[in-house]
Structures are given as C-alpha cells and as structure tokens.
Amino acid sequence: MLAPSTSAKGYDAETRTRLRRSVSNTLKGSAGNLVEWYDVYVYSVFASYFESQFFSPEDKNATLFIWAIFAMTFLMRPIGAWFFGRFADRHGRRLALTVSVTIMATCSFAIAVTPTVVTIGVAAPIVLLLARLVQGFATGGEYGASATYMSEAALPGRRGFLSSFHYVTLVGGHVLAQTTLLVMLTCLDSGQIAQWGWRFAFAIGGIAAIVVFWMRRTMDESLESDAIEAARSGRARASGSMRELLVHQWRPLLLCFLITAGGTLAFYTYSVIGPKMVQSLFAGGDAITGVVINLIALTFLMLLQPIGGWLSDGIGRKRLLVFFGIGGLLYTGFMVLVLPQQTHWLPAFVMLAVAFVILTGYTSINAVVKAELFPTHVRALGVGLGYALANSAFGGTAPLLYQAALRTGHVIEFAIYVTLVIAVSLVVYVFFLENKGANWLDDAAAMGSRTVR
C-alpha cells in the first residue's frame, strides 16, 4: 500500500488542527452559554419558593406577579440584541460575549442578596424587577452573539453538529437549575429553600459566570480582524447598522422572526410550562419525584441536540424544521390538555419526552439556520434582533399567558394559540426555506453576486 504524500499528510494535519480549534472554541462558547441560561432558568425553577420573599403571602396575585416579571424581562431582549449585535459586528463576537456574561453575574449576585418584602417593603420586588430587566438585556445580546460565534467557529460540513451545542448548553442551563433544586430538596426542607436556599441558587450562577469570564477571554475571535479594524476606523459603516439591516436585509430579518415565532413559543410551552405542570402534579407529598422526572426529561432533550445537528448536516435543515412544525401542530394541544391530568410518573415522563423529540427539530439547528441568513457585517445584529423580537412577543409571555388561562379556565384557547403560531412558522419552513441551498456562512461570494443582481 502506498504511503500518503507529504501534502496529503499536511492537509490532514491542518484539518485536524482546525477541527480541534473549532471544538475548543465551541466548548468555551458553550460554557458561557450554559452559565447565562442557568441564570435565566434558576428564576423559573425556584419561582414558587422565593415568591413569598418578594410578595406578601396574603397576596392572591403573587404568582401572576412573579411570572409577569419573568415576561417583562423579555421586553429588554430586543434592546440587548440591538446593542450587543451592533457591538459584536463592530468590535468582535468574543468581547460582546465577555461583557454580557459579566452583566449576568452582577445581576445574579444582586438578586441573591436582596432583602425580603418584610424588610424593605415594595423595594424588594422593584429590585427583583430591575435586576431581571438588566439580565433580559444581557440575554438578548448573548443569544445573537453566541449563535453567531458558534456557527462561524464551526467547520463547514459540521456546522449543524457543532452549532447544536448552543442549545445543548441552553437546555443544560435548565438541567443545572433543576439539579440544584433536586440537591436542595434532598438536603433541605421546603421552608429552608424558601427562606435562604434560593439565594444560594442565584449565587451559584454569579460565581460560575466569573469563571466563564476568564474562559471567554481565551476564545479565538470568529470575526476577521480586517472587518473589526474597518468598523473601528469608520470605513465599514454598514457593519452592525440598523439602517443596513432594515433597508437591505429586511427579508432575512423577517424570515428570522417567523422561523423563531413558533419555535420559541413551543420551546417555552414544552420545556418551561411542561416541567411546571409536572412539578405541580407531584408538589403535594412527592416533590422530589417531580424534579427527577423533569431532570431526566430535560437531560434527554439536551442529549438530543447533537443528534439533530448531525442529522441536519446530512439531510438538510429544512426537513428537521418541517418535522418540528408538523409534530408541534399535532401534539401541542394533546400535551397541554392531557399532561396536567397524569397521576403516575411514567406517562408524565413519556409525554415530556415525546414533546422534546419534536422540539429538537427546531432547537438543534435554529442557531445555524438564522446565521446562514445574514452576511457577516450584520449577522450578530440580524440573528439577535430577529430572535429577540419573536422571543419577546411569543416565548417570554407563554408562562404568564398559561397561568392566566389556568386561572380563568381558558387552557383550550391557550393550546389553540400555541398551535396556530407553530402553524405560521411551518408555512415559512415549507415555502420560504431551501433545504441545502447557498447560504451566507458557506457561500458568501455566491450570495453576494446574487444580491448584486
């Protein structure tokens, strides 16, 4: 057998080196994403425990207020997406991601040390609201910059698989929050968690973010140095420009919004409301069972992401999105109406697991799908803003709308609403996306010439 040529050996060595750096950058970017989303989800996981610390136990609307604060933070995401998207397109993805995780850490510490409503009165919920609004601002920036960075840092042909770790760590943040609650439930009683345990949970997020701050400083920058220098010197005025986005890139921005709408509403319905349903089912005398079900199901969702990304590299992104759309259309009403009626752990787990298989068709590839829509100079801004606007309108409001529907007896209407939004996104997936066409990540020259024509 002939030995491979020196040039072939050099090529293989170069490919392996590029792959190692791509994997290294993916892991570093993922670690920051994990911590930021832990900070997001620790609120929803521990909400029922710290509710009485910020609102009077006699207040019948306390639960609605807690979820209203959760929803209001999403109003800040488009602002964060604009600020950090512009920043990332002009100064680089790495710096934007480092700043966003610093803001998240600061706010987590602030919530952890905030005195209760008994001590400082109405100032307590105001501090909670302000801290969460600032975290919403940082999260809006995190998504666009992180999705862009991980898609750009991935190698062509493996972008689906490597960029899927964006949602591995996004879901992983929820898994970590659920794990924190499980550990506390085995060591503390509910009263202790409500008194001070939840503070420890928020503090964990702040401490972890400090570690990630140092990790992100060592990431490679995915935006070329020439592009950063051109933006800094004023020669590339279109970089991170809202005018450029709205005038010349409004079609991909609209597509990004519509792709996200059904996906983000399904994500919060399946992965936030679904686990809260399970938590309520076993809240009486078996709270640990509910947490374990959620933890195993969310871990399953997390492990599905690389599989979905790997499949998309082979069969194309569109087919996975259509699978999600059809599955969501058929399954959402069943899950929303039937899951709360379960009394045994097995059907509750199976129903969540099926929902998560369907959801993976969207979550595993949505970052790279959106990144492929935009040219480099407005990619972070376009991805972040398109996502944040849809996320604010549909995703962040879902838990609040479900709580209101539950209280007023309109759960069927809520299920119809979620199904209809998924249907709109399905139309976009079927008629407005190509399965394996040219895109801005892999075929920038071809896309540029197409735009000129």
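Mentor: Contact means heavy atoms within 4.5 Å. This is a predicted model, in which local features need pLDDT of at least 70 and side-chain atom pairs count only at pLDDT 80 or more, while totals for chains, interfaces and linings use all residues. Residues are numbered from 1 along each chain as its sequence is written, and side-chain values use heavy atoms, with hydrogens and water left out.

Trainee: With which residues is Phe 50 in contact, leaving aside its neighbours within four places in sequence?

Mentor: Phe 50 touches Tyr 43, Ile 66, Leu 128, Trp 198 and Phe 202.

Trainee: Where is Ser 151 placed, and is Ser 151 buried or exposed?

Mentor: Buried means under 20% relative accessible area, exposed over 50%, and partly exposed in between (1.4 Å probe, protein chains only). Helices are DSSP runs of H or I with at least four residues, numbered from the N terminus. Ser 151 belongs to helix H6 (residues 123–153) and is buried, its relative accessible area being 0%. Beyond its neighbours within four places in sequence, Ser 151 has contacts that include Arg 159, Ala 367 and Leu 441.

Trainee: How do H6 and H8 pack?

Mentor: Axes are lines fitted to C-alpha atoms, for helices over the stretch in contact, and angles run from 0 to 180 degrees between N-to-C directions. H6 and helix H8 (residues 165–187) pack at about 140 degrees, with their axes 9 Å apart.

Trainee: Which residues meet there?

Mentor: Tyr 143, Ser 146, Ala 147 and Met 150 in H6 meet Phe 165, His 166 and Tyr 167 in H8.

How values were computed. Helix = DSSP H or I, 4+ residues; strand = E, 2+ residues; numbered from the N terminus.
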